[in-house]
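Thank you all for coming; I would like to walk through one structure this morning, going from the sheet to the core and then to the charged pairs. Please have the model open while I talk.

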Amino acid sequence: MNRILSRVGGCRRLFSSKKFQELPRGTILVDMPKLSPSMTHGRIKKWIQEPGTELVPYDLLMEITTDTLTEEAYKVGKFAGTVTMQIECVDHGKFVKRLELGEKENLDLKVGTPLALLCEDEDVLNEIENIHSVQDPNPDTTIYMNWNAYIKA
């Protein structure tokens, strides 16, 4: 039986005086998900989808591994040093590109690190394709990908 973790309405609020990066309207940011309360880092094990793919809800996007013991993994007895979770997209959109750090599999990345960009609006596709990295996205206007995560059996 699969256990499910979810993030719905990925809104984050930061209070800072620094200038935030604005992403084009219709851009969805995929970041390193926090799969458990104690998770601080994770690694991309593999991308299941390739850029250019039209995503619909329930499409598996990538696999993430972490050394952090999650309560869900412990309950189903699947913890053996690392836990691999499959990340499922809940949004409709086009998978536009992997960002610089999202290209690197098995690199230890902090939770919240921007990994890829999806697009809801085809009119801004060219603008999104020209973005190579995301630093300090504006928390008031950035849309984060909603996801579900399943323990890989």
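This is a predicted model: local features need pLDDT of at least 70, side-chain atom pairs count only at pLDDT 80 or more; totals for chains, interfaces and linings use all residues.

**From the sheet to the charged pairs**

Let me begin in S10, where the bridge partner of Ile28 is Ile143.

How many of the residues of S2 are buried? The count is 5 of its 5 residues, and they divide by direction, since Thr27, Leu29 and Asp31 point one way from the strand while Ile28 and Val30 point the other way.

The largest one has 24 residues, and the members that touch the most others are Leu35, Trp47, Ile64, Ile87, Leu118 and Met145. Several strands give two or more residues to this core, including S3 (41-47), S5 (60-66) and S11 (147-151), although the largest share, 4 residues, comes from S6. Apart from this core lies another, of 12 residues, among them Leu29, Leu117, Leu125 and Ile131.

A brief word on cysteines: Cys89 counts as buried at 1% relative accessibility, Cys119 is likewise buried at 2%, and the structure holds 0 disulfides.

I will finish with the charged pairs, of which the structure holds 4 that qualify as salt bridges. In one of them Asp121 pairs with Arg25, the closest N and O atoms being 2.1 Å apart. Asp121 lies in the loop between S9 and helix H2 and Arg25 in the loop between S1 and S2, so the pair ties together parts that are 96 residues apart in sequence.

Another salt bridge joins Asp108 to Arg43, with the closest N and O atoms 3.5 Å apart, and it links the loop between S7 and S8 with strand S3, 65 residues apart. Here Asp108 is partly exposed, at 46%, and Arg43 is buried, at 16%.

The remaining case I want to show is Arg98, which sits in strand S7 and forms a salt bridge with Glu50, the closest N and O atoms being 3.2 Å apart. Glu50 belongs to the loop between S3 and S4, 48 residues away from Arg98, and salt bridges that share partners join Glu50, Arg98 and Glu103 into one network. Is Arg98 buried or exposed? At 14% relative accessibility it counts as buried, the cut-off being under 20%. Its side chain also has a polar atom 3.3 Å from the backbone oxygen of Gln49, and, leaving aside neighbours within four places in sequence, its contacts include Trp47, Pro51, Leu115 and Ala116.

Definitions and conventions:
Residues are numbered from 1 along each chain as its sequence is written. Side-chain values use heavy atoms; hydrogens and water are left out. A nonpolar core is a set of buried Ala, Val, Leu, Ile, Met, Phe, Trp, Tyr and Cys residues joined through side-chain atoms within 4.5 Å. Buried means under 20% relative accessible area, exposed over 50%, partly exposed in between (1.4 Å probe, protein chains only). Two strands pair if DSSP finds at least two bridges between them. A disulfide is a pair of cysteine sulfur atoms within 2.5 Å. A polar contact is a pair of N or O atoms within 3.5 Å; within protein, one must be able to donate a hydrogen and the other to accept it, and residues adjacent in sequence count only if both atoms are side-chain atoms. Contact means heavy atoms within 4.5 Å. A salt bridge is a side-chain nitrogen of Lys or Arg within 4 Å of a carboxyl oxygen of Asp or Glu.
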